[in-house]
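Here is a friendly briefing to read with the model open beside you. Take a look at the structure first, then work through the topics below.

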Amino acid sequence: MNYLRNAWYVAAAAAEVVREPFRRIILEEPIVLYRLESGEPAALFDRCPHRFAPLSRGRQIGDDLQCIYHGLRFDKAGVCVLNPHGSKSIPQTARVKSYPLYEKYGYVWIWPGDPARADPSLIPEFDFLEDKKSFRTVSGYLTIDANYQLVVDNLLDLSHVEFLHPMFARKEGVDSHRTEFSQEGNAIYSRRLKSNSSLNDFARLFWTSPSEKGDGRANMRWTPPSLLYFDLGVTEVGAPVAEGVCTPAAHLLTPETPYRTHYFWSQGRNRKLDDEKLDEILHNSVHRVFTYEDKPIIEAQQEEMGEQTDLIAMRPVLLEPDIPGIRARRVLGQLIDEEEQASATPRKSA
Amino acid sequence: MNYLRNAWYVAAAAAEVVREPFRRIILEEPIVLYRLESGEPAALFDRCPHRFAPLSRGRQIGDDLQCIYHGLRFDKAGVCVLNPHGSKSIPQTARVKSYPLYEKYGYVWIWPGDPARADPSLIPEFDFLEDKKSFRTVSGYLTIDANYQLVVDNLLDLSHVEFLHPMFARKEGVDSHRTEFSQEGNAIYSRRLKSNSSLNDFARLFWTSPSEKGDGRANMRWTPPSLLYFDLGVTEVGAPVAEGVCTPAAHLLTPETPYRTHYFWSQGRNRKLDDEKLDEILHNSVHRVFTYEDKPIIEAQQEEMGEQTDLIAMRPVLLEPDIPGIRARRVLGQLIDEEEQASATPRKSA
Amino acid sequence: MNYLRNAWYVAAAAAEVVREPFRRIILEEPIVLYRLESGEPAALFDRCPHRFAPLSRGRQIGDDLQCIYHGLRFDKAGVCVLNPHGSKSIPQTARVKSYPLYEKYGYVWIWPGDPARADPSLIPEFDFLEDKKSFRTVSGYLTIDANYQLVVDNLLDLSHVEFLHPMFARKEGVDSHRTEFSQEGNAIYSRRLKSNSSLNDFARLFWTSPSEKGDGRANMRWTPPSLLYFDLGVTEVGAPVAEGVCTPAAHLLTPETPYRTHYFWSQGRNRKLDDEKLDEILHNSVHRVFTYEDKPIIEAQQEEMGEQTDLIAMRPVLLEPDIPGIRARRVLGQLIDEEEQASATPRKSA
Ligand code: FES
Ligand code: FES
Ligand code: FES
């Protein structure tokens with residue numbers, strides 16, 4: 001399958017990456033993730049060029065990885081620096097790809113494309129993840145056995161919330177939604193306003209006022225390839241957003257294979273920052289919703305699609321809430337096409 | 001794979017079909033089965049045309065099914081009757097196939113082909129299933145991971161009983177069999193008479209006479225596509241059939257995929273009608289024979305055949321008891337060919 | 001996949017083959033193994049030519065196998081000797097392939113090719129397995145989910161021992177190795193001498209002298225198709241081999257499929273012949289090393305290779321210790337080519 005390669009994806013939560021190497025498949029490539037003695041994260045193609053043992057089974061010697069099978073050693077750039085055998089000469093082809101990484105927002109980001117273009121300023125903003133004074137955050141990880149586009153669709157069409165997620169549903173159902181879609185550059189926005197509407201069970205976790213109604217908002221921002229920022233909140237009816245409950249979230253999707261997706265999420269809040277019990281409730285609630293409500297439906301979609309990865313190619317009925325998802329597919333498709341044409345050009349001239 | 005589509009298959013035992021929708025794959029198509037408020041059974045293609053969520057995961061609103069993902073509602077004819085989103089207009093393509101059903105003999109029958117041709121009088125006779133005065137019946141269901149033709153072969157060649165099923169074997173073995181095969185229209189008959197022969201353990205469950213021998217019969221009737229009626233019984237030597245033990249059975253096979261078969265069975269008896277203990281013994285015995293004796297061998301056959309579905313294409317050695325199975329394959333193959341030619345004709349003229 | 005067919009492979013440990021038939025896949029062919037009344041082992045293609053039931057599910061009647069499904073009986077040559085049905089005539093095609101077997105060294109050897117060429121003298125020497133006076137032996141069996149060539153590579157390149165197997169590693173690492181490779185006819189030899197070197201934990205199991213160093217050797221002999229003899233031992237520094245510890249081993253590999261290998265091993269010793277406790281320690285140690293150290297790495301290699309069976313086709317980096325494995329692949333490839341050309345010739349002239 002074709003992916004956007006010149007882009008930042010989440011490789012792992014920062015806490016997952018330790019000295020001890022571990023393996024993760026990203027865009028169908030096996031990658032070994034570990035930390036150097038300095039604490040800096042490193043990533044190599046996880047296949048020894050000698051006899052294909054995964055380097056992640058080996059061990060660290062200082063900043064190098066030593067293959068478990070015959071002991072070739074590779075530095076953080078993927079260059080073989082020791083051949084312990086025979087004449088000990090190192091074959092020129094004894095090197096593996098290394099990947100640019102950048103640590104930010106509690107995640108280790110990876111750039112699978114041209115290293116020269118790996119500019120950390122291209123990571124989109126998720127500022128609540130750094131603003132520890134105003135926000136407290138819980139995080140989690142799951143995998144979904146479906147193409148990542150189906151997960152993007154799910155997040156860009158939040159009309160499903162009223163049907164699939166009792167915890168997020170409101171008495172008024174989708175009738176209370178005022179929706180807007182827009183595109184700014186390569187970002188797609190899907191906004192839902194639920195003014196003067198009843199509170200759902202999720203909002204009640206943070207709501208301290210006696211009011212039974214509020215002005216709710218559920219605004220999603222998608223940026224390529226599959227990074228979503230969710231501005232979720234509720235205020236007293238008519239009050240400014242800044243005074244209300246803000247529960248922003250990050251939904252960060254990384255394709256593992258055409259049929260499997262890494263799903264990293266962080267759920268923030270600007271209320272009850274010291275309530276550790278609430279941390280637990282929140283983590284469990286979000287985990288339950290994603291794992292027991294979204295995941296089975298998205299996986300059932302993929303099952304119906306069989307080996308097909310592109311839902312649109314199967315001519316589904318389209319409804320208005322599909323617009324942002326369709327647009328995101330178009331933007332991403334175009335970026336992938338451009339990337340492929342760009343990488344094809346030098347070959348032609350060669 | 002090609003199936004006979006203009007034919008009745010068993011979709012489910014009547015008791016399986018309730019208000020709550022459930023999914024079953026039939027002839028490779030996902031189907032949701034449920035009951036209307038009137039108690040009438042209904043069947044729709046189990047894939048929402050919007051984003052392919054299975055409708056069987058949704059819930060019933062009166063006689064309609066509401067999709068769990070974004071709430072489209074479909075009536076029993078598969079027509080979308082509610083789009084809760086945006087302008088609420090319903091796309092013309094928002095419909096799914098509905099299937100003719102008919103409830104009879106304790107089963108819900110389905111007609112996967114042209115609805116206009118779904119004539120309930122085409123369901124073959126299994127009258128013992130309705131004659132509650134003379135017969136008591138136990139029923140069961142299993143799946144077999146093999147092409148349904150292999151199960152038909154198994155049932156049309158009952159010579160295997162003497163080797164595979166200790167409960168049905170007789171001291172005399174196949175030597176006591178007198179066999180006859182015949183065809184009447186599209187029905188194939190395989191008759192085995194075991195006159196003045198010892199009793200097997202199954203017959204002894206019903207046998208009350210002191211005689212150690214009886215006239216046994218094991219007559220199988222196949223009708224397309226894969227419906228088998230088994231006239232099994234034993235009488236005192238020389239006595240008329242009507243006076244003897246009759247234990248008729250229905251073996252109703254529905255292809256799930258080329259490699260998996262739904263197997264519905266009902267075992268009747270005209271003796272000890274009030275003996276509930278015997279119900280249990282009978283159910284467990286038949287279940288055990290099918291599950292632990294037939295199923296593993298039929299599945300091993302399919303395993304040897306790999307992805308092939310047609311045993312005959314693999315040039316097996318043929319023996320005399322194979323004749324009825326071969327004929328049934330020929331009749332069914334011809335019916336499928338005719339159906340395909342008929343459905344091809346209009347396309348040509350179009 | 002193409003295999004060398006005119007060659008001896010181990011079908012089973014002698015003790016595995018009993019009267020009761022059992023099934024094993026060898027070179028992708030299902031084979032039923034059993035013993036005749038005389039104790040002689042027999043092997044038939046494990047698929048009844050009638051309806052493809054595995055003969056291994058049937059039972060023995062004297063020296064014949066009776067199919068469990070409809071009772072055809074086959075003799076040890078694979079010829080059908082009884083059809084119990086109808087006219088009882090036996091179709092000429094009712095026969096299955098039988099395989100030449102030979103029992104030696106505690107194994108039942110099988111010849112999958114032309115029976116006329118099955119000469120037992122072609123089984124390579126593993127004499128320690130017969131010399132009960134000088135050697136005591138423990139044996140085991142495992143399967144490895146990888147192409148058998150990867151297991152051969154593993155055994156012909158024992159440089160991996162210093163990295164993968166703590167029990168066999170020496171303080172000096174690979175630096176203490178002096179290695180030699182040679183070919184004699186179709187046999188490949190890979191010799192490693194570790195003179196005046198520290199003892200590994202395995203050697204210490206047998207070492208009774210106070211010396212802290214010894215002259216170690218680890219010499220592997222490969223003969224086609226995938227039979228390896230391992231001359232492993234250690235002596236007092238400067239002493240003749242005959243006076244030292246000898247722990248010869250047999251590693252006998254039989255391809256099950258392109259992606260799965262039967263691995264039979266026997267580990268001998270010329271010390272502490274009466275020590276039953278040591279039998280247990282030795283069996284468990286060797287089993288642990290193969291199962292928890294070699295097997296996971298070899299299977300990971302295959303996983304990296306996907307459906308590819310030939311590592312060399314994937315252009316790995318080659319190191320000096322790879323030479324014997326590469327040579328063995330060349331010898332085997334040539335033998336397979338010759339065999340295929342020989343078998344193609346008659347067809348051309350026909
Ligand atoms: S496979 Fe890595 S050193 Fe051999
Ligand atoms: S998938 Fe059924 S309504 Fe969207
Ligand atoms: S399958 Fe063996 S006798 Fe029928």
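How many salt bridges are there between domain 1 of chain A and domain 2 of chain A? The count is zero, with a salt bridge taken as a side-chain nitrogen of Lys or Arg within 4 Å of a carboxyl oxygen of Asp or Glu. This is a predicted model, in which local features need pLDDT of at least 70, side-chain atom pairs count only at pLDDT 80 or more, and totals for chains, interfaces and linings use all residues. Residues are numbered from 1 along each chain as its sequence is written, chains are lettered from A and ligands numbered from 1 in the order in which they are written, and side-chain values use heavy atoms, leaving out hydrogens and water.

**The two domains of chain A**

- Chain A is divided into domain 1 (9–120) and domain 2 (124–336), with bounds that come from an automatic or database domain assignment.
- The C-alpha centres of these two domains of chain A are 33 Å apart.
- In chain A, 15 residues of domain 1 are in contact with 22 residues of domain 2, contact meaning heavy atoms within 4.5 Å.
- About 1400 Å² is buried between domain 1 and domain 2 of chain A, and carbon and sulfur atoms give 66% of that; buried area is the accessible area (1.4 Å probe) that two parts lose on being put together, summed over both.
- On the domain 1 side, A:Tyr9, A:Tyr105 and A:Tyr107 lose the most area to domain 2 of chain A, together 47% of what that side buries.
- Eight residue pairs (both at pLDDT 80 or more) are in polar contact between domain 1 and domain 2 of chain A. A polar contact is a pair of N or O atoms within 3.5 Å; within protein, one must be able to donate a hydrogen and the other to accept it, and residues adjacent in sequence count only if both atoms are side-chain atoms.
- Strands E1 (9–13), E2 (22–26) and E10 (107–110) of chain A each give two or more residues to the domain 1 side; strands are DSSP runs (E, at least two residues), numbered from the N terminus.
- E1(A) gives the most to that side of domain 1, with five residues.

**Where chain B meets chain A**

- The contact takes 26 residues from chain B and 26 residues from chain A.
- Chain B and chain A bury about 2300 Å² between them, of which carbon and sulfur atoms give 59%.
- In chain B, B:Arg51, B:Phe52 and B:Tyr69 lose the most area to chain A, together 36% of what that side buries.
- Five salt bridges are counted between chain B and chain A.
- B:Arg51 forms a salt bridge with A:Asp322, their closest N and O atoms lying 2.8 Å apart.

**Where chain C meets chain B**

- Chain C and chain B also have five salt bridges across their interface.
- C:Arg51 pairs with B:Asp322 in a salt bridge, the closest N and O atoms being 2.8 Å apart.
- Eleven residue pairs (both at pLDDT 80 or more) are in polar contact between chain C and chain B.

**How chains C and B are related**

Definitions and conventions
Helix = DSSP H or I, 4+ residues; strand = E, 2+ residues; numbered from the N terminus.
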